[in-house]
Amino acid sequence: MDQDIRQLLSQRQKDRAFEVLLQRYQAKVFRLVFSMLGNSSRAEEVTQDAFLKIWQALQSYDRRASLSTWIYTIARNTGISHLRAESYRKTLSLEEAHEPFAEAEPVLNRLEIERLLARLPDEQREVIVLFYLQERSIEDVATMLDLPEGTVKSHLHRARKAMAAMMEVRR
Amino acid sequence: MKCQTAQELILESLDRSIDAEQKTRLESHIAECEMCQSFWEAQRVLDAALAAHCVAPQLSSTFRTKLAHNISGEKRRALQEWLPDLVHLGGGIVATALCFLWLPVAPAVVFTVGIALTFVSYVLQTMFRFWLEDLEGL
């Protein structure tokens with residue numbers, strides 16, 4: 001995986017390597033950042049920043065970690081810095097901060113789901129949102145968050161149980 | 001099957017498909033246990049709602065253009081950062097070469113003085129740049 005990008009880098013073709021990398025990872029990085037921020041326009045800004053950092057650091061990528069792990073680490077750190085700098089979750093209302101999902105469902109509407117998600121701990125929320133964004137691939141979520149698959153499952157199960165319990169209380 | 005095992009299996013079944021035997025055992029437990037039936041129902045509703053709501057947004061069509069623009073800006077900034085150093089080094093080399101050609105002085109002296117002057121003026125120039133940057137930062 002990513003052997004082509006490593007080869008281009010070893011041939012000092014940074015721009016070409018970046019082009020291939022961008023094509024391969026832009027959607028995944030966007031989803032990862034989106035799972036952290038819950039807002040698509042902010043997620044796009046942070047994805048821009050993350051790829052700019054990746055471009056700046058690409059030549060010095062030391063190949064100790066896999067390329068995907070390295071990319072996701074930069075993306076996560078950029079997202080975390082953004083959250084810290086803005087701390088917008090605390091200052092904006094729920095509706096402003098989160099606009100992620102599609103139109104209302106009959107059983108649980110958009111706002112209800114948003115409220116349930118907002119009450120989860122950060123790591124559980126990120127895992128469960130990313131799980132669905134990544135079409136239910138635990139392996140992808142584990143790679144993107146640099147967590148063991150067992151930990152991802154454990155966060156998922158806890159999140160599901162917690163959300164079901166909150167639904168129960170609501171009734 | 002105990003309720004705890006059944007509920008773990010229900011959660012597991014939402015992550016991946018469980019095997020036929022597990023499925024049969026789970027279904028028979030759910031059919032008999034009201035609590036697990038309600039847990040299953042809640043999880044099923046929640047799973048459907050999450051799947052319907054967590055739809056990945058798309059990057060805007062201008063994402064690539066903006067990124068290319070930002071990268072060009074970054075390249076320009078990097079060049080601007082290096083430009084004074086490059087000009088300085090180039091100037092030092094040219095001045096030394098001209099002195100070597102025109103001055104009636106031993107080449108070793110010309111090269112030594114040329115290198116020394118280039119180095120000293122580089123240090124002075126760098127100090128001057130830092131001083132200017134400090135002024136801008138105030």
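Which residues in helix 9 (residues 138–145) of chain A are buried? They are I138(A), V141(A), A142(A), M144(A) and L145(A). Here, buried means under 20% relative accessible area, exposed means over 50%, and partly exposed lies in between, with a 1.4 Å probe and protein chains only. Helices (H or I, at least four residues) and strands (E, at least two) are DSSP runs, numbered from the N terminus.

## Basis of the report

This is a predicted model, in which local features need pLDDT of at least 70 and side-chain atom pairs count only at pLDDT 80 or more, while totals for chains, interfaces and linings use all residues. Residues are numbered from 1 along each chain as its sequence is written, chains are lettered from A and ligands numbered from 1 in the order in which they are written, and side-chain values use heavy atoms, with hydrogens and water left out.

## Chain A as a whole

Chain A contains 10 helices and 0 strands. Its pattern along the sequence is α-α-α-α-α-α-α-α-α-α. Of the 171 residues in chain A, 51% are buried.

Contact means heavy atoms within 4.5 Å. Among the contacts in chain A with a separation of 6 or more, 63% join residues 24 or more positions apart.

## Residues of interest in chain A

T78(A) has its place in helix 4 (residues 67–86) of chain A. With a relative accessible area of 6%, T78(A) is buried. Leaving aside residues up to four places away in sequence, T78(A) touches V46(A), D49(A), A50(A) and K53(A).

Q56(A) lies in helix 3 (residues 40–57) of chain A and is partly exposed, at 40% relative accessibility. What does Q56(A) touch, not counting residues up to four places away in sequence? Its partners are K14(A) and E74(B). Although Q56(A) and K14(A) are 42 residues apart in sequence, their C-alpha atoms are 10.0 Å apart in space.

## Two positive phi angles

Most residues other than glycine have a negative phi. R12(A) is not a glycine, yet its phi is positive, at about 60 degrees. This residue is found in the loop between helix 1 (3–10) and helix 2 (14–37) of chain A. R12(A) is exposed, with a relative accessible area of 66%.

D146(A), another residue other than glycine, has a positive phi near 55 degrees. It comes just after helix 9 of chain A, in the loop between helix 9 and helix 10 (149–170). At 47% relative accessibility, D146(A) is partly exposed.

## Chain B as a whole

Chain B has 5 helices and 0 strands, and its elements run α-α-α-α-α from the N terminus on. The radius of gyration of chain B is 37 Å, well over the 14 Å that the globule rule gives for 138 residues, so chain B is more spread out than a compact globule. The radius is taken over C-alpha atoms, and the rule is 2.2 Å times the number of residues to the power 0.38. Taken along the principal axes, the box filled by the C-alpha atoms of chain B is roughly 110 × 30 × 30 Å.

Buried residues form 28% of the 138 residues in chain B. The accessible surface of chain B is about 9,500 Å², with 67% belonging to carbon and sulfur atoms.

## Where the chains meet

The size of an interface is often given as the accessible area lost when the parts come together. Chain B and chain A bury about 3,500 Å² between them, of which 65% is on carbon and sulfur atoms; this buried area is the accessible area (1.4 Å probe) that two parts lose on being put together, summed over both. In chain B, the residues that lose the most area to chain A are D15(B), H53(B) and R64(B), together 20% of what that side buries. In terms of contacts, 32 residues of chain B meet 45 residues of chain A.

A42(B) is found in helix 3 (residues 34–53) of chain B and is buried, with a relative accessible area of 10%. Not counting residues up to four places away in sequence, A42(B) touches A164(A) and M167(A). The C-alpha atoms of A42(B) and V110(B), 68 residues apart along the chain, are separated by 87 Å.

Notes
Areas by Shrake-Rupley, 256 points an atom, 1.4 Å probe, with all protein chains shown as cover.
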